[in-house]
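Colleague: I am new to this model and would like to learn how to read it. Could you take me through some of the features, one at a time?

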Amino acid sequence: MKSNKTLLSLAVACGLFSVSNASQAAGFQLAEYSATGLGRAYAGEAAMADNASAQWRNPAMLTYLKGTQISVGAIYVNPNVDVNGTVSHSLLGTTQASAKDFAHDAVIPNFYLSHQLNEQLVLGFALGTNYGMETELGNDFAASHFGNQASVITKEANLNVAYQVTTEFSIGGGVRYVIGEGHFGATAPAKNALTLPQGTTLKYMEGEDNSWGWQVGTAWQINETNRIGASYKSEVMMDFDGHAKGITYGAYKPGMMSVALPATAELASYHQLNEKLALHASVNWTDWSSFKELTAVFPEKSDLIKSENWEDNYRFALGATYQYDAKIALRTGIAYDTSAVDDKNRTATIPETDRTWLSIGASYVATPQLTLDAGFTYIFAKDATINEPRDASDATSAQIGGAFNGEVTGNVWLIGVQANYRF
(Lines give C-alpha, C1' and ligand atoms only; values in the text may rest on other atoms or scores of the structure.)
Protein backbone atom coordinates (compact mmCIF):
# COMPACT_ATOMS: atom_id res chain seq x y z
CA MET A 1 0.00 0.00 0.00
CA LYS A 2 1.03 3.58 -0.32
CA SER A 3 0.24 7.10 0.73
CA ASN A 4 0.18 10.61 -0.73
CA LYS A 5 3.06 11.86 1.30
CA THR A 6 4.93 9.06 3.01
CA LEU A 7 3.83 6.09 4.89
CA LEU A 8 2.87 8.74 7.27
CA SER A 9 0.21 9.60 4.80
CA LEU A 10 -0.86 6.03 5.07
CA ALA A 11 -1.83 7.03 8.55
CA VAL A 12 -3.80 9.77 6.96
CA ALA A 13 -5.54 7.43 4.60
CA CYS A 14 -7.38 5.73 7.42
CA GLY A 15 -8.17 8.94 9.20
CA LEU A 16 -5.59 8.65 11.94
CA PHE A 17 -4.50 11.31 14.39
CA SER A 18 -0.85 12.20 13.84
CA VAL A 19 1.46 13.37 16.64
CA SER A 20 3.52 15.29 14.17
CA ASN A 21 0.63 17.64 13.63
CA ALA A 22 0.49 18.68 17.23
CA SER A 23 4.24 19.00 17.37
CA GLN A 24 7.43 19.41 15.42
CA ALA A 25 7.16 20.80 11.88
CA ALA A 26 4.02 21.25 9.79
CA GLY A 27 2.15 18.23 8.48
CA PHE A 28 4.13 15.15 9.44
CA GLN A 29 7.59 16.59 8.94
CA LEU A 30 10.31 16.25 11.55
CA ALA A 31 12.52 19.31 11.92
CA GLU A 32 14.78 17.68 14.51
CA TYR A 33 18.04 17.12 12.66
CA SER A 34 20.51 18.19 15.39
CA ALA A 35 20.63 19.26 19.03
CA THR A 36 22.82 22.20 18.03
CA GLY A 37 20.07 23.82 15.97
CA LEU A 38 17.39 22.74 18.44
CA GLY A 39 18.74 25.22 20.99
CA ARG A 40 17.93 28.16 18.71
CA ALA A 41 14.59 26.78 17.37
CA TYR A 42 16.37 26.02 14.08
CA ALA A 43 16.66 29.70 13.26
CA GLY A 44 19.06 30.60 10.45
CA GLU A 45 20.06 27.00 9.77
CA ALA A 46 20.80 27.45 6.04
CA ALA A 47 23.40 30.09 6.99
CA MET A 48 24.96 28.28 9.98
CA ALA A 49 28.06 26.07 10.03
CA ASP A 50 28.53 24.95 13.65
CA ASN A 51 29.56 21.41 12.73
CA ALA A 52 29.10 18.67 10.12
CA SER A 53 25.31 18.68 10.65
CA ALA A 54 25.14 21.97 8.69
CA GLN A 55 24.93 20.02 5.41
CA TRP A 56 21.46 18.67 6.29
CA ARG A 57 19.89 22.09 5.79
CA ASN A 58 22.32 23.59 3.27
CA PRO A 59 25.10 21.57 1.61
CA ALA A 60 26.93 24.79 0.64
CA MET A 61 27.78 25.35 4.32
CA LEU A 62 30.26 22.47 4.10
CA THR A 63 32.79 24.96 2.71
CA TYR A 64 32.94 26.60 6.16
CA LEU A 65 34.13 23.38 7.82
CA LYS A 66 37.87 22.70 8.05
CA GLY A 67 39.58 19.31 8.06
CA THR A 68 37.50 16.24 8.87
CA GLN A 69 34.57 16.54 11.24
CA ILE A 70 32.08 14.09 12.74
CA SER A 71 28.83 15.01 14.48
CA VAL A 72 26.56 12.47 16.14
CA GLY A 73 23.55 12.92 18.40
CA ALA A 74 19.93 12.24 19.19
CA ILE A 75 16.77 14.10 20.15
CA TYR A 76 14.16 12.72 22.52
CA VAL A 77 10.60 13.68 21.56
CA ASN A 78 7.90 13.63 24.23
CA PRO A 79 4.52 14.55 22.71
CA ASN A 80 1.46 15.06 24.91
CA VAL A 81 -1.59 14.99 22.65
CA ASP A 82 -5.22 14.67 23.77
CA VAL A 83 -8.46 14.49 21.81
CA ASN A 84 -11.90 15.13 23.25
CA GLY A 85 -15.23 15.15 21.43
CA THR A 86 -18.39 13.26 20.60
CA VAL A 87 -19.55 10.79 17.99
CA SER A 88 -23.16 11.21 16.83
CA HIS A 89 -25.22 8.77 14.76
CA SER A 90 -28.90 9.05 13.87
CA LEU A 91 -29.52 5.44 14.93
CA LEU A 92 -26.87 4.94 17.59
CA GLY A 93 -27.13 8.18 19.52
CA THR A 94 -24.25 10.26 20.92
CA THR A 95 -21.09 8.87 22.52
CA GLN A 96 -18.09 10.54 24.15
CA ALA A 97 -14.86 10.06 22.19
CA SER A 98 -11.68 10.83 24.10
CA ALA A 99 -8.06 9.69 24.13
CA LYS A 100 -5.22 11.01 26.25
CA ASP A 101 -1.50 11.07 25.50
CA PHE A 102 -2.01 8.82 22.48
CA ALA A 103 1.20 9.78 20.65
CA HIS A 104 4.26 7.68 21.42
CA ASP A 105 7.60 9.05 22.57
CA ALA A 106 10.52 8.69 20.18
CA VAL A 107 14.27 9.09 19.90
CA ILE A 108 15.52 10.60 16.63
CA PRO A 109 19.22 9.84 15.97
CA ASN A 110 21.56 11.50 13.48
CA PHE A 111 25.08 11.15 12.07
CA TYR A 112 27.13 13.56 9.94
CA LEU A 113 30.59 13.47 8.40
CA SER A 114 32.47 16.17 6.48
CA HIS A 115 35.88 15.99 4.82
CA GLN A 116 37.78 18.89 3.29
CA LEU A 117 39.61 17.76 0.14
CA ASN A 118 41.29 21.12 -0.46
CA GLU A 119 40.73 24.82 0.19
CA GLN A 120 37.69 24.90 -2.11
CA LEU A 121 36.16 21.41 -2.22
CA VAL A 122 34.43 19.59 0.68
CA LEU A 123 32.53 16.29 0.79
CA GLY A 124 29.76 15.36 3.21
CA PHE A 125 27.70 12.35 4.29
CA ALA A 126 24.58 12.46 6.45
CA LEU A 127 22.10 10.07 8.05
CA GLY A 128 18.83 11.31 9.52
CA THR A 129 15.09 11.46 9.03
CA ASN A 130 12.49 13.95 7.84
CA TYR A 131 9.31 12.02 8.65
CA GLY A 132 8.12 9.80 11.50
CA MET A 133 5.33 9.19 14.00
CA GLU A 134 3.55 6.55 16.05
CA THR A 135 0.09 6.74 17.60
CA GLU A 136 -2.14 4.24 19.39
CA LEU A 137 -5.65 5.32 20.37
CA GLY A 138 -6.86 1.81 21.25
CA ASN A 139 -9.98 -0.16 20.32
CA ASP A 140 -12.03 1.59 23.01
CA PHE A 141 -11.75 4.96 21.25
CA ALA A 142 -15.33 5.76 20.17
CA ALA A 143 -14.17 7.27 16.86
CA SER A 144 -11.87 4.35 15.97
CA HIS A 145 -13.72 3.97 12.65
CA PHE A 146 -11.80 7.08 11.52
CA GLY A 147 -8.52 5.41 12.58
CA ASN A 148 -6.89 4.23 15.80
CA GLN A 149 -3.30 3.20 15.07
CA ALA A 150 -0.39 4.39 12.95
CA SER A 151 3.34 3.80 12.75
CA VAL A 152 5.75 5.30 10.25
CA ILE A 153 9.52 5.06 10.09
CA THR A 154 11.57 6.85 7.45
CA LYS A 155 15.33 7.01 7.09
CA GLU A 156 17.37 9.20 4.78
CA ALA A 157 21.00 9.17 3.60
CA ASN A 158 22.62 12.17 1.90
CA LEU A 159 25.84 12.34 -0.11
CA ASN A 160 26.85 15.98 -0.57
CA VAL A 161 29.57 18.09 -2.15
CA ALA A 162 30.30 21.81 -1.78
CA TYR A 163 32.59 24.18 -3.66
CA GLN A 164 33.82 27.65 -2.70
CA VAL A 165 33.52 29.57 -5.97
CA THR A 166 34.96 32.81 -4.62
CA THR A 167 35.80 34.21 -1.18
CA GLU A 168 32.18 35.39 -0.91
CA PHE A 169 30.19 32.65 -2.69
CA SER A 170 29.81 28.91 -2.11
CA ILE A 171 27.55 26.35 -3.74
CA GLY A 172 26.61 22.82 -2.78
CA GLY A 173 24.39 19.93 -3.70
CA GLY A 174 23.69 16.30 -3.04
CA VAL A 175 21.59 13.21 -3.61
CA ARG A 176 19.04 11.90 -1.10
CA TYR A 177 18.09 8.26 -0.63
CA VAL A 178 14.86 7.79 1.34
CA ILE A 179 13.53 4.54 2.82
CA GLY A 180 10.04 4.33 4.34
CA GLU A 181 7.84 1.72 6.01
CA GLY A 182 4.79 1.73 8.24
CA HIS A 183 1.26 0.66 8.96
CA PHE A 184 -2.11 2.10 9.92
CA GLY A 185 -5.53 0.78 10.79
CA ALA A 186 -9.12 1.50 11.80
CA THR A 187 -11.45 -0.67 13.83
CA ALA A 188 -15.15 -0.86 14.60
CA PRO A 189 -16.18 1.12 17.72
CA ALA A 190 -18.46 -0.38 20.38
CA LYS A 191 -21.45 1.28 18.69
CA ASN A 192 -21.60 0.76 14.92
CA ALA A 193 -24.28 0.40 12.28
CA LEU A 194 -22.88 -2.94 11.06
CA THR A 195 -23.22 -4.53 14.53
CA LEU A 196 -19.62 -5.69 14.32
CA PRO A 197 -17.80 -6.73 17.51
CA GLN A 198 -15.75 -3.89 18.98
CA GLY A 199 -12.21 -3.96 17.61
CA THR A 200 -13.11 -5.65 14.31
CA THR A 201 -10.63 -4.47 11.66
CA LEU A 202 -12.28 -2.17 9.13
CA LYS A 203 -9.07 -1.23 7.37
CA TYR A 204 -5.46 -2.15 7.91
CA MET A 205 -2.72 -1.12 5.50
CA GLU A 206 1.03 -1.54 5.47
CA GLY A 207 3.77 -1.01 2.91
CA GLU A 208 7.31 0.08 2.15
CA ASP A 209 9.38 1.74 -0.55
CA ASN A 210 12.58 3.62 -1.26
CA SER A 211 13.25 6.50 -3.61
CA TRP A 212 15.71 9.23 -4.62
CA GLY A 213 15.72 13.01 -4.37
CA TRP A 214 18.21 15.86 -4.46
CA GLN A 215 19.11 19.11 -2.71
CA VAL A 216 21.06 22.25 -3.57
CA GLY A 217 22.21 25.28 -1.64
CA THR A 218 24.27 28.45 -1.79
CA ALA A 219 25.91 30.83 0.68
CA TRP A 220 26.90 34.48 0.34
CA GLN A 221 29.44 35.86 2.81
CA ILE A 222 28.51 39.55 2.54
CA ASN A 223 31.32 40.55 4.88
CA GLU A 224 33.06 39.18 7.97
CA THR A 225 29.98 39.54 10.15
CA ASN A 226 27.00 38.95 7.82
CA ARG A 227 26.00 35.90 5.80
CA ILE A 228 22.99 34.74 3.80
CA GLY A 229 22.21 31.13 2.89
CA ALA A 230 19.52 29.55 0.73
CA SER A 231 18.65 25.91 0.06
CA TYR A 232 16.11 23.78 -1.79
CA LYS A 233 15.11 20.12 -1.38
CA SER A 234 13.33 18.37 -4.22
CA GLU A 235 10.05 16.53 -4.04
CA VAL A 236 10.57 12.81 -3.46
CA MET A 237 8.08 10.38 -5.01
CA MET A 238 7.37 7.28 -2.96
CA ASP A 239 5.44 4.34 -4.43
CA PHE A 240 4.53 2.29 -1.40
CA ASP A 241 3.89 -1.37 -2.26
CA GLY A 242 2.14 -3.55 0.27
CA HIS A 243 -1.26 -4.89 1.13
CA ALA A 244 -4.57 -4.06 2.76
CA LYS A 245 -6.99 -6.16 4.76
CA GLY A 246 -10.16 -5.87 6.82
CA ILE A 247 -13.89 -5.58 6.21
CA THR A 248 -13.24 -3.16 3.38
CA TYR A 249 -10.56 -5.16 1.53
CA GLY A 250 -10.83 -8.81 2.60
CA ALA A 251 -8.13 -11.00 4.08
CA TYR A 252 -5.31 -9.80 1.81
CA LYS A 253 -5.36 -7.31 -1.05
CA PRO A 254 -2.16 -6.18 -2.81
CA GLY A 255 -2.06 -2.50 -3.71
CA MET A 256 -0.05 0.71 -3.78
CA MET A 257 -0.18 4.44 -3.18
CA SER A 258 2.04 7.10 -4.72
CA VAL A 259 3.20 9.61 -2.16
CA ALA A 260 4.87 12.92 -3.04
CA LEU A 261 7.05 14.11 -0.18
CA PRO A 262 6.86 17.87 -0.79
CA ALA A 263 9.59 20.18 -1.97
CA THR A 264 10.98 22.59 0.63
CA ALA A 265 13.04 25.80 0.56
CA GLU A 266 14.83 27.92 3.17
CA LEU A 267 16.22 31.46 3.21
CA ALA A 268 18.39 32.24 6.23
CA SER A 269 20.74 34.89 7.60
CA TYR A 270 23.52 35.13 10.17
CA HIS A 271 24.69 38.37 11.76
CA GLN A 272 27.61 38.71 14.20
CA LEU A 273 26.69 41.88 16.09
CA ASN A 274 29.81 41.93 18.28
CA GLU A 275 32.37 39.55 19.75
CA LYS A 276 29.78 38.06 22.08
CA LEU A 277 26.39 38.18 20.35
CA ALA A 278 25.10 36.82 17.02
CA LEU A 279 21.57 36.79 15.61
CA HIS A 280 20.12 34.34 13.09
CA ALA A 281 16.81 34.23 11.23
CA SER A 282 15.11 32.07 8.64
CA VAL A 283 11.97 31.57 6.59
CA ASN A 284 11.00 28.08 5.44
CA TRP A 285 8.47 27.04 2.82
CA THR A 286 6.97 23.59 2.22
CA ASP A 287 4.91 22.71 -0.86
CA TRP A 288 2.08 21.04 1.05
CA SER A 289 -0.43 22.29 -1.56
CA SER A 290 0.62 19.24 -3.61
CA PHE A 291 -1.20 17.09 -1.02
CA LYS A 292 -4.76 17.00 -2.38
CA GLU A 293 -5.97 13.47 -1.73
CA LEU A 294 -5.02 9.92 -0.85
CA THR A 295 -5.81 7.34 -3.52
CA ALA A 296 -5.10 3.62 -3.22
CA VAL A 297 -4.40 1.82 -6.50
CA PHE A 298 -5.47 -1.81 -6.76
CA PRO A 299 -5.16 -4.11 -9.82
CA GLU A 300 -8.80 -3.68 -10.73
CA LYS A 301 -9.47 -0.07 -9.70
CA SER A 302 -8.44 2.99 -7.74
CA ASP A 303 -10.02 3.85 -4.40
CA LEU A 304 -10.20 7.41 -3.06
CA ILE A 305 -9.29 7.01 0.60
CA LYS A 306 -9.61 10.61 1.73
CA SER A 307 -9.51 14.11 0.34
CA GLU A 308 -7.06 16.46 2.13
CA ASN A 309 -6.77 19.80 0.23
CA TRP A 310 -3.71 21.06 2.10
CA GLU A 311 -2.02 24.41 1.50
CA ASP A 312 1.59 25.60 1.55
CA ASN A 313 3.18 26.00 4.97
CA TYR A 314 5.60 28.70 6.19
CA ARG A 315 7.90 28.72 9.19
CA PHE A 316 9.46 31.86 10.69
CA ALA A 317 12.31 31.62 13.20
CA LEU A 318 14.57 34.04 15.08
CA GLY A 319 17.47 32.99 17.28
CA ALA A 320 20.55 34.24 19.09
CA THR A 321 23.92 32.90 20.20
CA TYR A 322 25.86 34.42 23.10
CA GLN A 323 29.53 33.50 23.60
CA TYR A 324 29.68 33.44 27.39
CA ASP A 325 33.41 32.65 27.49
CA ALA A 326 35.99 30.71 25.51
CA LYS A 327 34.35 27.38 26.34
CA ILE A 328 30.61 28.07 26.69
CA ALA A 329 28.14 29.36 24.10
CA LEU A 330 24.48 29.92 24.97
CA ARG A 331 21.59 29.76 22.48
CA THR A 332 17.92 30.66 22.38
CA GLY A 333 15.24 30.98 19.74
CA ILE A 334 11.57 31.28 18.90
CA ALA A 335 9.70 29.99 15.85
CA TYR A 336 6.20 30.04 14.45
CA ASP A 337 4.91 27.27 12.19
CA THR A 338 1.77 28.02 10.17
CA SER A 339 -0.78 25.29 9.65
CA ALA A 340 -0.81 23.35 6.40
CA VAL A 341 -4.61 23.10 6.47
CA ASP A 342 -7.44 25.55 7.10
CA ASP A 343 -10.34 25.06 9.51
CA LYS A 344 -12.66 23.80 6.77
CA ASN A 345 -10.37 20.96 5.70
CA ARG A 346 -8.91 19.90 9.04
CA THR A 347 -9.48 16.20 9.63
CA ALA A 348 -9.19 13.66 12.40
CA THR A 349 -6.58 12.03 10.21
CA ILE A 350 -4.08 14.85 10.73
CA PRO A 351 -5.38 17.60 13.04
CA GLU A 352 -2.95 20.16 11.65
CA THR A 353 -2.72 23.54 13.40
CA ASP A 354 -0.32 26.44 14.09
CA ARG A 355 2.64 25.79 16.43
CA THR A 356 5.01 27.99 18.45
CA TRP A 357 8.54 26.94 19.46
CA LEU A 358 10.48 28.22 22.49
CA SER A 359 14.07 26.96 22.67
CA ILE A 360 17.26 27.20 24.70
CA GLY A 361 20.62 25.46 24.29
CA ALA A 362 24.35 25.53 24.95
CA SER A 363 27.71 24.31 23.69
CA TYR A 364 30.74 23.32 25.76
CA VAL A 365 34.25 23.03 24.32
CA ALA A 366 35.57 19.99 26.19
CA THR A 367 38.87 19.84 24.26
CA PRO A 368 40.22 21.65 21.20
CA GLN A 369 38.79 18.78 19.12
CA LEU A 370 35.59 17.91 21.03
CA THR A 371 32.51 20.09 21.49
CA LEU A 372 29.34 18.97 23.28
CA ASP A 373 25.93 20.51 22.54
CA ALA A 374 22.55 20.30 24.25
CA GLY A 375 19.18 21.79 23.34
CA PHE A 376 15.71 21.99 24.85
CA THR A 377 12.45 23.06 23.20
CA TYR A 378 8.85 23.41 24.28
CA ILE A 379 6.24 23.46 21.50
CA PHE A 380 2.64 24.40 22.06
CA ALA A 381 -0.04 24.08 19.43
CA LYS A 382 -3.15 26.15 18.89
CA ASP A 383 -6.25 24.19 19.90
CA ALA A 384 -7.85 22.73 16.76
CA THR A 385 -11.48 21.80 16.09
CA ILE A 386 -12.33 18.81 13.93
CA ASN A 387 -15.63 18.19 12.19
CA GLU A 388 -16.11 15.08 10.09
CA PRO A 389 -17.52 14.10 7.65
CA ARG A 390 -16.44 17.02 5.45
CA ASP A 391 -17.18 15.51 2.04
CA ALA A 392 -17.94 12.25 0.22
CA SER A 393 -14.56 10.72 1.11
CA ASP A 394 -15.62 10.64 4.79
CA ALA A 395 -19.14 9.34 4.18
CA THR A 396 -18.58 5.60 4.64
CA SER A 397 -16.84 5.98 8.00
CA ALA A 398 -19.61 8.31 9.19
CA GLN A 399 -22.31 5.83 8.15
CA ILE A 400 -20.59 3.04 10.07
CA GLY A 401 -19.91 4.80 13.35
CA GLY A 402 -21.31 8.33 13.17
CA ALA A 403 -19.92 11.85 12.74
CA PHE A 404 -17.06 13.02 14.91
CA ASN A 405 -16.89 16.55 16.37
CA GLY A 406 -14.10 17.37 18.73
CA GLU A 407 -10.95 19.26 19.61
CA VAL A 408 -7.30 18.30 19.70
CA THR A 409 -4.90 19.89 22.19
CA GLY A 410 -1.25 19.20 22.70
CA ASN A 411 2.30 20.19 23.50
CA VAL A 412 5.71 18.64 22.96
CA TRP A 413 9.00 18.57 24.84
CA LEU A 414 12.20 18.07 22.87
CA ILE A 415 15.58 17.32 24.47
CA GLY A 416 18.69 16.78 22.39
CA VAL A 417 22.41 16.13 22.78
CA GLN A 418 25.19 16.29 20.18
CA ALA A 419 28.89 15.45 20.15
CA ASN A 420 31.16 17.04 17.55
CA TYR A 421 34.74 16.01 16.88
CA ARG A 422 37.31 17.68 14.62
CA PHE A 423 40.37 15.82 13.35
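Colleague: Let us start with the largest cavity: into how many nonpolar, polar and charged residues does its lining divide?

Modeller: The lining of the largest cavity divides into 14 nonpolar, eight polar and six charged residues. Do keep in mind that this is a predicted model.

Colleague: How is such a space found, and what volume does the largest cavity have?

Modeller: The general idea first: rolling a probe the size of a water molecule over the atoms shows where empty space is left. Here, the largest cavity has a volume of about 400 Å³. Of the 28 residues lining the largest cavity, Gln29, Arg57, Asn130, Thr264 and Asn284 are the closest to its centre. Strand E9 (226-233), E12, E13 and E16 are the elements that give two or more residues to that lining.

Colleague: How many cavities of 30 Å³ or more does a search of the whole structure find?

Modeller: The search finds three. The second largest cavity has a volume of about 50 Å³. Among the residues lining the second largest cavity are Tyr33, Arg40, Glu45, Met48 and Asp50. By class, the lining of the second largest cavity has four nonpolar, five polar and three charged residues.

Colleague: Which residue does Arg57 form a salt bridge with?

Modeller: Arg57 pairs with Glu266, the closest N and O atoms being 3.0 Å apart. This pair links distant parts of the chain, with Arg57 in the loop between H3 and E1 and Glu266 in strand E12, 209 residues apart. Both Arg57 and Glu266 are buried. The count for the structure comes to ten salt bridges.

Colleague: Now for the pockets. How much space lies in the largest pocket?

Modeller: A pocket, in contrast to a cavity, is open. About 690 Å³ of space lies in the largest pocket. Its lining has 33 residues, and the closest to its centre are Asp50, Gln323, Ala329, Arg331 and Arg422. Among the elements that give two or more residues to this lining are strand E12 (264-272), strand E13 (277-286) and strand E21 (403-422). By class, the lining of the largest pocket has 14 nonpolar, nine polar and ten charged residues.

Colleague: And what lines the second largest pocket?

Modeller: The second largest pocket holds about 480 Å³ of space. Ala106, Val107, Ile108, Thr129 and Ile153 are the closest to its centre, out of 25 lining residues. E3, strand E4 (121-128), strand E5 (132-136) and strand E6 (149-164) each supply at least two residues of the lining.

Colleague: Since E3 has come up, where is Ser114 found, and is Ser114 buried or exposed?

Modeller: Ser114 is found in strand E3 (residues 106-116). Ser114 counts as buried because its relative accessibility is 1%. Beyond its neighbours within four places in sequence, Ser114 is in contact with residues including Ala52, Leu62, Gln69 and Leu123.

Colleague: Last topic: how should I read a nonpolar core, and which residues of the largest one touch the most other members?

Modeller: In soluble globular proteins, nonpolar side chains tend to be buried together. Here the largest nonpolar core has 25 residues, and Met205, Met238, Tyr249, Leu261, Trp288, Ile305 and Trp310 touch the most other members. E10 gives the most to this core, with four residues. Apart from this core lies another, of 20 residues, among them Ala31, Ala41, Ala52 and Val77.

Terms used:
Residues numbered from 1 in each chain as written. Predicted model: local features only at pLDDT ≥ 70, side-chain atom pairs only at ≥ 80, totals over all residues. Heavy atoms only, no water. Buried < 20%, exposed > 50% of the residue type's maximum accessible area, 1.4 Å probe, protein only. Contact = heavy atoms within 4.5 Å. 1 Å grid on protein atoms, 1.4 Å probe; cavity = no way out; pocket = protein on both sides within 12 Å on 5 of 7 lines; lining within 4 Å. Points joined across faces, edges and corners; volume = space filled by probe spheres on them. Nonpolar A, V, L, I, M, F, W, Y, C, P; charged D, E, K, R; others polar. Core = buried A, V, L, I, M, F, W, Y, C linked by side-chain atoms within 4.5 Å. Salt bridge = Lys/Arg side-chain N within 4 Å of Asp/Glu carboxyl O.
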